[in-house]
Every structure is written in structure tokens, then in C-alpha cells.
Amino acid sequence: MGTFIQLVVDGLATGSIYAALALAIVLVNQATGLINFAQGGMAVLSAYIAYVFVQLGLPLLLAIIISVVLSFLFGALVERFLLRRFERGDPDTAVVVTIGLLTLVTGISAVLWGYNNLAFPSLFPLTSVEILGAVVSVRSLATAVTIVVIMVVLQLLFLRTKLGLALRAVADNPASAAFSGLPVGRLLMVGWGLAATLGAIAGVLVAPQLTLTPGMLDTALVYALAAVILGGLSSPIGCVVAASAIGVLENLVAVYIPLIGHDLKIAVPFALIFVILIIRPQGLFGRKVVVRV
Amino acid sequence: MTLLELTVVTASYGPLQVLDGVSLSVPEGGSVGILGANGAGKTTTLRAISGTVRTGGRIRFDGRDIRGLRPDQVAALGIAHVPEGRGTLGQLSVRENLLVGAYLRKDRKAVAGDIDYCLDLFPQLQDRVGSRAAALSGGEQQMLAVGRAFMAKPKLLLLDEASLGLAPSTAKAVYEAIRRLRLESGIAMLVVEQNANLAFSLVDTATVLETGRNVLTGSSAELKGMDEIRRAYLGG
Amino acid sequence: MSTAATVRRPRVRMILTAVLAVALIAAPLALPAFANQTLIRIGVYAVAVLGLNIVMGYTGQVNLGQIFFVGLGAYVTAYGVNHGWNILLVFFAACAVAGLVGLLVALAAARLGGLAIAMVTIALPIVGVPLAKRLSDFTGGSQGTSARFTDAPDWSGLDNDQWQFYIVLVVSAAAFLLARSLVRGKYGRAFAAVRENEAVAASMGISPYRTKVLAFTIASIFGGASGFLYLAAVQYTSPETLSFGHSISLLAAMVIGGAGSIAGSLLGGAYYVFVPQLTNAIDPNLTTVSQGAILLAVLFLLPGGLVSLPRVVRRLTRRSATRRSTARPAAETSQQTPPAQHPVPDAAPEGPEQTERQDGP
């Protein structure tokens, strides 16, 4: 039982990381109809930037805040100068652009910091607490809580502020939103900036555990995409639930089903997708994807 | 005083030229109709004004040259476009749609008052302020689109085929509300409408377009009497 | 213009093809081993890129997992060879297993619209690597597995590299001819229809789902064939063969060579082999960043890929020539529209035209 609770909490922590990335992907998709495959790569770059400021002697929290702000700017610039001219065109081309961006960003990380794993300091103490007789690491718990708090903040931003309203309006129908004077271009930049911010937070939270490498989040991106497929592109809550479920499930499967084990646990969400796609093509929560004419 | 003046405006979608020299003017507080058959360039004329199509010629609004501005910049100057197909924001609630209309306004209290005014103008929307716009009927969506445009407190309203796809009685109700809006707010209007009777109920003067050009301009009373015009362009 | 017109004349074309064939057949005898090996590798990857082009370039479905099928083909080949199967059987098994797995993946992935195929296929290499490590009885685990079956037989009097060259030449030439007739025929039209607009394709009686599944399966079969060639050339494969990075490189090669172009696939294969070799020689850390930069540069400046370069150059030179003769800028770039020449057709786009996204149904 102790192991079980520990696995669940750890799973929720990693699941929350996937959820943050998945939300970033949904955010971009809602605003621009694209899937940003570079979301993970950009988040790694953010983590490296925080790392640089830590190396310069800044306190970790300050370094993270600086990185988050820079990530926002980077995300906004990427939208403006890289994706803008592909947004109205063929979505497949735009996807290839984000893959180019992923390669470029990963490459930049590799050129600047190499492929060796770098140790990234943890924001949270590496101690454990006992919950219901199970030993649970504070880091896992705090990571999950942090992500949940950020999601609540984000939800409030979207539902309770004028900026959030404008972002949703642009996501809904950019052409029509412009008729009410909404600066669509700038709002899209904000959307990408927010997505990059979310990614950055996920990056710095998971970096201590995974250690920094340019490809650190490749796998997490794949999990996040799985969560997006399972949760449905139109449903942020669905994605969060799916991401958490994936995090917990893969942990349990890795331990309790030796046939799969730790090395093959990544196949779990995709086996799940495979089954669900056959039964329920619109995902668990989302509406059916409508082909745009 | 002339509020909006188009002088030999041209417009094209890629290689396809749709406007071939359209001229018209809307006086302050006035209401002008654009009539014509399908494909004559009515919708494109409105798009040219709101900056959603590549345009040549001269477009002056409120003493400024506005040709080449982005749609949001045009909107900021006081032109609200109710596009063909309504353009309601389907995932947003009715109230949120109205709030989006007031995006550029800072006077929160007056905005709240204007939302009440919209709901008074379109009583059908009253029970539905919380529901998603996509769940509304076609007529309700049209009302919402007009209401959202009004929320910007524009000087000029561009109204595109507000009767499209509506039952005749609904279309009539929509136009009655718009007429009331015009009387009470004094907003100038440029109206594209297929249904001649509805159009003439709202506009003082009108211009008839044919293949992207004006062929006739006159007061409602003059045009209404011209049988051949009715047959040729207005479909009865 | 004139050179292109000349090339298009059937007799000239036949002669050119014959010259090319003779050159390809003679090349390995004249070239040094290193050059042969490079050409062999180009052939190997050109087949993989060609398959990717069928599903992505022609049918418009982003596939991030093509390398998985290359790896699968390579493993099946190694297994078959090491178990003493007939070499033709090995080849067909490599294609068939890859095609079957591709079919299964596509049956599920193609059910979701839009970008879901990209999102699902990105998992293939990421799941594939640990899977290959795990199934060590079959794959040799992390160590990989080797199989020699392409040493030149004594009777041929050829060196190994020459012999391998001919194997790759035969298979890839067959693949290119097959792909060419495929995309020019009935299926090619279905692919193009689905790429352009699924709803319209459906209204024409073309099932987008079935077309996507078909294109993906064919791409996987080509991937399997490429894997067979890979093993013929390299004689060794390991989980590293099907890594995520390689899959991205394959996609980059396809786009850079030219999406939706048979000749572009060959250029893509050449890019895949040459450019990393070049950047590796300068600084291994530069490989990824330069690939990203080149991919983005191509997308911005040359969306048709390298294969469209001659066309673009021709257009640019012609345009500058026109400009010089008339001293007037091209009309379509200016805001000012020229007055009144062409009458507007009846069906001017008043109704259905949409410059931007509108309300969905």
C-alpha cells in the first residue's frame, strides 16, 4: 500500500509536468490552430537559461523568474516572426515549421551547452514526508501543487480578465474579433508567450529530476501529445485529467506489470490511444474534430 | 458633413478583381444602402472599408484616409462591421460577445448600461445571456452580432445581409430593432441587403452596384419606384 | 524555359534516361569505394524519403515516424538473413512486416482528423527504441545485430561496394518507378484530393480515411524496403537506427528535397547523407542546429524544396527581364490595383469566400 501511494503521488507529479506541456500545446492550438512540436524544445531552452543565471550566482527563484519572462518574449517573437506567415496557410506546413523550430532550438541548446547532462538545482527540498504510511517526496508533492496553482491562475486569467476574454475571442474567430478592434496579431503573440511560459515552468520543475540535456523533454512532449489526443484538443480540463492519468498509470504499470517495466512504460499511453481511437475517435472529452472546408 | 467617402475604390482577391471603381458617401448620422445582384461586389465594398481585402482608390472616414489600415485599426476609429454570416464568437457566452464588442472602451459603467440597452433592444437575448453564442438560433445570433457592433459605440455601422437565412418575420424583427437603434443612437449605417423592402425600411439613399461598379444612385423613394431596377437587381 | 522544353520532348527524354541508366550502371566500376558507399547510402535514404513523400508530400499527412519502419525493415532483414531465409523472402518480409505495422498504426491514427497522425507517429521512434532494446532475442538488444549477405559473389568479379551498389540501384530504381506511376495514376489523384481538401475529396467519392491509410501503408512499405537496403549497405543495425532525431532528419530531408516531388526525394536522400557529413566534419555539435536552420530557411525561401530551385531561378530571371523592358513593377505586389481591364465574372466571390477562419459548422 505504501508503495502504491508513493507511485500515485510521483505519477501525479510527472503527470502535472505533462499536463503543463499539454496545456501549452492546447493554448497554442486554440489560438492558432497549430500543434507546436517545439513546445518541449523551447521549454528546455528556458531551463538552460535559468541554469545560466543560477551559474551567474543568482538565487534559483530569481533565475527562474527571469527565464520565465524571457520565455514569454521568445514565444511571442516566435509567433510573430516564424509562424505568422504560416498560420493562415496549410496546417501541415506550419507543423513542419514547428519541427524545424524544435530542431533549431535543440541544436542551439546543444551548441551552447553540449550534450552532457547538467545538474539543475531543485526548487524544493529533497526530503520526504509520510502520508498514510507512505513515504512521499516533497518535490513530487510540491511540483504537483505548483502546477495545479498555475492552472488555477491561468483559468482565472482566461475567465475573469479582459485579456483572457480577448484571447478567447481571437481563438474563436480571429477575423471577427478584429472587427471589434482586437489587435489579433498582438494577442496571438501573447498566447504563444503564455504557452512558452507554461513550458518554461514545466522545464525548470522537471530539470532537477531528469538533469538538463537538449533532448530532456522529447519524451515528455510525446506524453503531452498523448494527453492532448486522449483529452481532446478542445478541452484543457480533459488534457489535465488525461496527463495526470497517464503519469499515474505509467508508474503503476512500470512497477506492477514487469512485462512492460520502466523501459516500455511510454508505450502505455499509446496503447491506450490505440484502443480508444478505435472505440471513441473524438477523444475522452473533446468534441469530434470537424474537417474544415 | 460627410462621414465616409469612397472614391473609385477597387479591390481584388488575388488575380480576381471584384471592385472596379465604387464611389459612395455616407453623411454623419445617415443611412445608405448598397444594392445589387449576387457577385456585384456589395460585401467586398464593406470589406474594403473594414480592411479585410486588398484595395485601391481612396477611402476617407471622419477626415482620415483609412485605406490600407488593419481591421482592428479601422474598428478603433469607430467603424463596426457586422459581417455576412454574423461572425459571432460561438464558444463565448452572449454577455462575453457583447463585452468583446466593447473591448476598446474604458468606461466600465457605461458599458454595463449599454449591455442592458442591447438586451432591451433584443429582448430574446435576455434569457440567454449566459449561454454559448453557438447555441443561439440564427435570428438570435444576428441580433447578438448587431448588439456586439453597437457595444463599440461606433460612428458607423457596416451591416452585411442581416436577413440572410432568417425567416421573414425574424428578419423583419431584426430590422425593426436596427431602425430603433438608428433613431435612438444616431449611428450612421451602410447597409448591404438583398431584400429590397427591408433595405428601404432602413436607408435614406442607396447605390446600385453591377459587376463592381456603381450604376445608379438615388434616394430610397426614387429607387423604390423604378420597376426595372427592382426586377433586375432586387429580386422583387 | 528552352532547356525545360527540350527535356520535355519524348525522344530527348528517352535518350537522357538511357544515358542516365548507363551512367548509373557504369559508375560503381569507375568510382572509388568511398564514393560508391556514399551513393549507396543516398539510395537507401532516398527510398525512405520517397515513402515519406507519398504520405506527406502527396497526401498531406505529417508523419514523424518513418524511421521506425526503416528500422523495422532492417531488423526483419537481419533476422531473416541470420535464420538462413532466401534473400527474396527476406526482402518481401521486410516490406510486408513494415507495411502491416504501418497499416495498423494508420487504421487508428487516421481516425482522428488533422494533425493527429503527426501526434501519434511522433511516438513511434520514441517507443521503438526501448522496444528494440527490450526484444533482444529478435534484435540483439542495445548491442544491435549484424547480418552479412551482400558480399559480392565470386562469379561476379565485383568488389563488395560495387555489388551492394547494384542491389541498392535495382531496388531503389524499382521503388522510384513504382512511386512515379502510383502518384500519376488514380491513387495519386486521390492523394492530391485528400491533401487539398478532405471534404471536397469525400464529395468526389474518395474516402479520406481509406486514402490516408493507404498512403501511410505504402509509405511504411517503402520504409521497410529502405530498411532492407540499409542492412544491405551497412550490415548492422541497432536501436540507434530508429532514433527520434533520425526521424526528424528524414522529414527535414523530404521537405528540403521537395515535398510532393519524386526527384525531390532523391535530392532529399542526398541531403540526408551529405549535409550531416559536412557539418559533422566542421563540428558535431552544429549538426542539429544547422539542420533546423536549413529546414526553416527552405520553408521560408523555397517552399517547394531544392527541386523547385531551377523553376524559381527561371521565374526570377524572367521577372527581372520583364521589369527591365517595361520599367514597371509587377502588379500583384503593389497595393494599387490596375484599373478596369478584366471584367469580373458572374460568379465573383461574394458568397463563399473566406479570407480568414470563420465560424465552424
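This report walks through a predicted model, chain by chain and contact by contact.

## Ground rules

Residues are numbered from 1 along each chain as its sequence is written, while chains are lettered from A and ligands numbered from 1 in the order in which they are written. Because the model is predicted, local features need pLDDT of at least 70 and side-chain atom pairs count only at pLDDT 80 or more, but totals for chains, interfaces and linings use all residues.

## Chain A overall

Chain A holds eleven helices and two strands. Helices here are DSSP runs of H or I with at least four residues; strands are runs of E with at least two; both are numbered from the N terminus. The order from the N terminus is α-α-α-α-β-β-α-α-α-α-α-α-α. The radius of gyration is 19 Å, close to the 19 Å of the globule rule for 293 residues, so chain A is as compact as a globular protein of that length. That radius is taken over C-alpha atoms, and the rule is 2.2 Å times the number of residues to the power 0.38.

The C-alpha trace of chain A spans about 60 × 55 × 35 Å along its principal axes. Of its 293 residues, 57% count as buried. Buried means 20 or more other C-beta atoms within 10 Å of the residue's own; exposed means 12 or fewer; partly exposed lies in between; C-beta atoms are placed from the backbone. Among contacts in chain A with a separation of 6 or more, 73% join residues 24 or more positions apart. A contact needs C-beta atoms, placed from the backbone, within 7 Å.

## Transmembrane spans in chain A

An unreviewed UniProt entry gives chain A the feature "transmembrane region" at residues 6-27, 34-54, 60-82, 94-115, 135-158, 190-208, 220-249 and 255-279. UniProt positions follow the numbering used here, feature names are shortened, and annotations may be inferred rather than shown by experiment.

Take two of these spans. Residues 190-208 of chain A are 100% helix and 0% strand, with end C-alpha atoms 28 Å apart. Residues 220-249 of chain A are 87% helix and 0% strand, and their end C-alpha atoms lie 15 Å apart.

## Where chain C meets chain A

This contact takes 45 residues from chain C and 44 residues from chain A. On the chain C side, α6 (116-121), α7 (123-134), α11 (198-203), α13 (244-258) and α15 (286-301) each supply at least two residues. The largest share, nine residues, comes from α15(C). By class, the chain C side has 27 nonpolar, eleven polar and seven charged residues. Ala, Val, Leu, Ile, Met, Phe, Trp, Tyr, Cys and Pro count as nonpolar, Asp, Glu, Lys and Arg as charged, and the others, Gly among them, as polar.

Now look at α15(C) itself. This helix has 16 residues and reaches 22 Å from its first C-alpha to its last, close to the 22 Å expected at 1.5 Å a residue. The expected span is 1.5 Å times one less than the number of residues. Its buried residues include T287(C), G292(C), L295(C) and L299(C). Their cover includes α4 (91-113) of chain A, together with α13 and α14 (262-282) of chain C.

## Chain B overall

Chain B has nine helices and ten strands. Its radius of gyration is 17 Å, close to the 18 Å that the globule rule gives for 236 residues, so chain B is as compact as a globular protein of that length. The C-alpha trace of chain B spans about 45 × 35 × 35 Å along its principal axes. Buried residues make up 54% of the 236.

Chain B also touches chain A. The contact takes 22 residues from chain B and 16 residues from chain A. On the chain B side, α2 (71-76), β6 and α3 (94-101) each supply at least two residues. That side divides into twelve nonpolar, seven polar and three charged residues.

## Strand β7 of chain B

Five of the five residues of β7(B) (residues 156-160) are buried, so this strand is largely enclosed by the rest of the structure. L156(B), L158(B) and D160(B) point one way, and L157(B) and L159(B) the other.

β7(B) pairs with two strands, where pairing takes at least two DSSP bridges. Four bridges join β6(B) (residues 79-82) to β7(B), running parallel. There, A80(B) has L157(B) as its bridge partner. Five bridges join β7(B) to β8(B) (residues 188-192), again parallel. L159(B) is partnered by V191(B) in β8(B).

Notes. Two residues are in contact if their C-beta atoms, placed from the backbone, lie within 7 Å.
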